[in-house]
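Work through the exercises below with the sequence and the model at hand. Each task is followed by a solution in steps.

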Amino acid sequence: MRPFFPRLSLPLAALSLTVLATLAHAAEPLRGLIDASGLKARLGQPNLVILDIRSGETKEQGRATYLAGHIPGAVHADYAHASWRLPRNNVSVYLPEPAQFEALAGNLGVSNESDVVIVHEGTDATSFGSAARVYWTFKAMGHASIAILDGGLQAWQKAGYPFETKPAQPVASIYEAKPEPALRARLDDVLAAKERNVTLVDSRPETFFSGQEKHKAIATGGHIPGAINLPHHHAFGPDFRLKDRASLAKAFAPAKGKAAIAYCNTGHWAATDWFVLSEVLNQPNVKLYDGSMLEYWLENKGPIQASRPGSGS
């Protein structure tokens, strides 16, 4: 007797293929950017954790913004008030210690197996910098599957996708940090950059690089000697989404193929340059200096070089 194999009807067969494709897609770890349609397709998946990092002037304002409307299931993880950057010697710019990050991630319901998507406002270049800094923090702690929502909440809204106002109630989990030291630059790395043939990438706007503007905590305007200027805002188009890969490769060509350390004032804008070089252009040996100019000046009193706009020095 010939074995009997049931035949699937065409609609059922198509449905089965769709399910298989969805499961295969879900198994792929996240990296870099995810677009709004890609995130929508993942809603409801058990390993997905959406972190809404929007902030306000106060913690209460940030919470109110989140409660006014967010992506379904998103957990509020306020960039300014959720310990993404912690103080040391009165400078609030540093990567959390592993135990501190474990507590932060665990309380947000993130486990080592979670697929994490970071959501920012999408309304300016600085909001992407916040998302890139959180992304880098996860990567520096060894997290495997993480992405930034391309275009942020603004892209989600423009796509006409749903919002909700009910706050998510994350279930606390156990998180084990597995630090990746190669992603983080220390002050000693910056001071030794020239002799190690490492390019210092100043991610601040041109006016900061040239010394026309400066952070209020730094006495002298200018940049770390030998640095090149690749302003973070050059990575974005008029809609504040990252430019396409070819345009980014052109804009960031001065750092192409080089070991690099990105810095700014507080390690925020620099996270965008790190993200572009490392996660979009796939360039190895790119570090973020989280201490940035505040540490360089306040702890080292290191030399700062000013230059005329456009001089490139």
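**Exercise 1.** Is Phe 128 buried or exposed?

Solution. The model is a predicted one. Phe 128 has a relative accessible area of 3%. Buried means under 20%, so Phe 128 is buried.

**Exercise 2.** Classify the ring pair of Phe 128 and Phe 236, and state which parts of the chain it ties together.

Solution. By the pairing rule, the count of aromatic pairs comes to nine. For Phe 128 and Phe 236, the ring centres are 5.3 Å apart and the planes stand at 70°. Planes over 60 degrees apart count as edge-to-face, so this pair is edge-to-face. Phe 128 lies in helix α5 (residues 125–140), and Phe 236 in the loop between β9 (228–229) and α9 (245–251). The pair therefore ties together parts that are 108 residues apart in sequence. Phe 236 is buried, at 7% relative accessible area.

**Exercise 3.** Where does Asn 285 lie, and what is its phi?

Solution. Asn 285 lies in the loop between α10 (269–280) and β11 (286–288). Its phi is positive, about 60°, although Asn 285 is not a glycine. Most residues other than glycine have a negative phi. Asn 285 is exposed, with a relative accessible area of 58%.

How values were computed. Residues are numbered from 1 along each chain as its sequence is written. This is a predicted model: local features need pLDDT of at least 70, side-chain atom pairs count only at pLDDT 80 or more; totals for chains, interfaces and linings use all residues. Side-chain values use heavy atoms; hydrogens and water are left out. Helices (H or I, at least four residues) and strands (E, at least two) are DSSP runs, numbered from the N terminus. Buried means under 20% relative accessible area, exposed over 50%, partly exposed in between (1.4 Å probe, protein chains only). Rings of Phe, Tyr and Trp (its six-membered ring) pair if their centres lie within 6.5 Å; planes under 30 degrees apart count as stacked, over 60 as edge-to-face and the rest as tilted.
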